[in-house]
Amino acid sequence: MKGRKFSLLLLVLTLMVSLFAGCSGGDNTAAEKGKDTAKGTTDTASDNATKEGFPIVKDKITIKGFGSKLYDFADWNTLKLWQEYEKMTNIHIDWTVASQSNLKEKRNIVLGGGDLPDMFFAAAIPRADLIKYGQEGAFLKLNDYIDQYAPNFKAIMEKYPLVRKAITMPDGSIYGMPTIYDPEFKSLFYGTPWMKKEWLDNLGLQEPTTLDDFYNVLKAIKEKDPNKNGKADEIGWGSGYGADGLISFLKGSFGLGTHGSTHPYVDTDPSSGSLRFIPTDTRYKELLEYAHKLYKDGLLDSELFTLNGKDTEFTSKASTGVYAFLDSVDPSAVFNQEGYIGSPVLEGPHGDRINTMLGSPVGGLGMFVLTANNKYPAEMVRWMDHFYSDEGAKMFFLGWKDLTYKEMPNGEFEYTDEITKNPKGLTLDQAISQYLMWPGGYYPGIVKQKFFKGAEGRPTSVDNAKKAEPFTIKIDDVWPSFNYTAEETEELTTIANDITTYVGEMRDKFIIGDESLDKWDEYVSTIKKMNLDRYMEIYKQAYDRYMSDK
């Protein structure tokens, strides 16, 4: 769904690790302007609005929008999606759009500059900024607008109370509308890393079901030439995410990550029900010992850490077919490599065989935000609400019949050859970005299997999900990101930055062997001195609020 279609689960993990990063800072110009312009706003539509359906307004209006895009060539002011939606709604959006690569910088300039747009769309505004600018009056509170003008979004919240809980700030306000991943779209959630089945067959190996099996399979692949080319060029485990994917995959084998990957450092201990800090737990130490053994014996890519974040280089290497296991989405979609199937969930040393590497159905909250400059908030909430409907999701992800998609005899939808076999040699993401804006993964709306035709919707991904589902934690047990007060955010951000930086650095050193796990007690002591107790106290306050919000 993103660039080279990063795995949703790992994308969510990465985004949530940096939950408190990216606050805009700067002066309060935007907030002060918000206070001035917010006066007199109401939750009612203007006289120009229609009562329901399309168009949304009788006479055309213009809205200033700020968004983000994956590809520089995509001009949102001429993009077919927005041109066609303008015809439907009678609402023209005057777009200013930043590339995702420099979104944070551009967004912070806008927030600090005093000339706010009417709407932020796909701008991924961090939670900390939502609460900051919301409380200061620069962002509009959307509760009443959603209640009156967003029937599709309301229906989703009623069906999945988790959504309402996830988007509601501690003061009860809703400042943004999120990306929602339909819980019925199971291959978005339940997948595992990919395994080259042909290599196992060539060596007469069974699929691994335990950690010992996994080690032995990796070792055989390294030593016994499964691709039969007479060269020792096979690599056991590959990733463009450093150790993140491996650790996420193995956590459940050690009984860790009991509430999914959105909170990579905190879960509840099944034996006590209490919150625990995973990186200081003894089972996490066992996990690192196992990962170090894999690395020491050459069963992981020797470039695992140097390729971290180098998307082009990793894609080039993976596309040569050298990896037995990959922690991406379907390799046939992103690396043009066939023959991969989902890896089994592995049983660990204490009998745990649980897949915990799945994210929350609720993505970024700051994907649709209205500012106090907006004179038509009711109309714009209606404008947004359409994309939470089936009809809106279909247009958003598929486009237009016979141009970008075709309807198959069985009622399914597929992209046209112009998208999947582009005559100019464009990738699917590049080709569809000439018409739509979803590639890159930044957008509000709902992602449904029927309409989303990225890698996660392929039959191979569906099969992977079916294989993993019996061992996967229930979606109702997956935590979304918690919401914190402004005071909690400020304090937790400082503590979390120090702790997570140290934990990440030491994790890699332990795996590589640059630091011995004999220093585990010293490592734990150092984390505790970083104010871990206070970190967990703040976490518990947010957790208690989440659990009490029924």
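## Strands S5 and S9

Strands S5 (residues 194-196) and S9 (residues 323-326) pair in the antiparallel sense over two bridges. Strands are DSSP runs (E, at least two residues), numbered from the N terminus. Two strands pair if DSSP finds at least two bridges between them. Met195 has Phe325 of S9 as its bridge partner.

This is a predicted model: local features need pLDDT of at least 70, side-chain atom pairs count only at pLDDT 80 or more, and totals for chains, interfaces and linings use all residues. Residues are numbered from 1 along each chain as its sequence is written, and side-chain values use heavy atoms, without hydrogens and water.

## The open sheet

Four strands form an open sheet in the order S6-S9-S5-S10, with mixed pairing. S6 (235-238) and S10 (340-342) stand at the edges with a single partner strand each, so one side of each has no neighbour in the sheet.

## A buried lysine

Lys251 sits in helix H11 (residues 244-251). Helices are DSSP runs too (H or I, at least four residues). Lys251 is buried, meaning under 20% relative accessible area (1.4 Å probe, protein chains only). Lys251 has no salt bridge, which would need a side-chain nitrogen of Lys or Arg within 4 Å of a carboxyl oxygen of Asp or Glu. The nearest side chain of opposite charge, Asp267, is 7.7 Å away.

Which residues does Lys251 touch, not counting those up to four places away in sequence? They are Leu256, Pro264, Ile278, Leu287 and Thr356. Contact means heavy atoms within 4.5 Å.

## Contacts of Tyr535

Leaving aside neighbours within four places in sequence, Tyr535 is in contact with Tyr265, Val266, Phe277, Leu492, Ile495, Ala496 and Ile499.

Note on methods:
Buried < 20%, exposed > 50% of the residue type's maximum accessible area, 1.4 Å probe, protein only. Lys, Arg positive; Asp, Glu negative; His and termini not counted.
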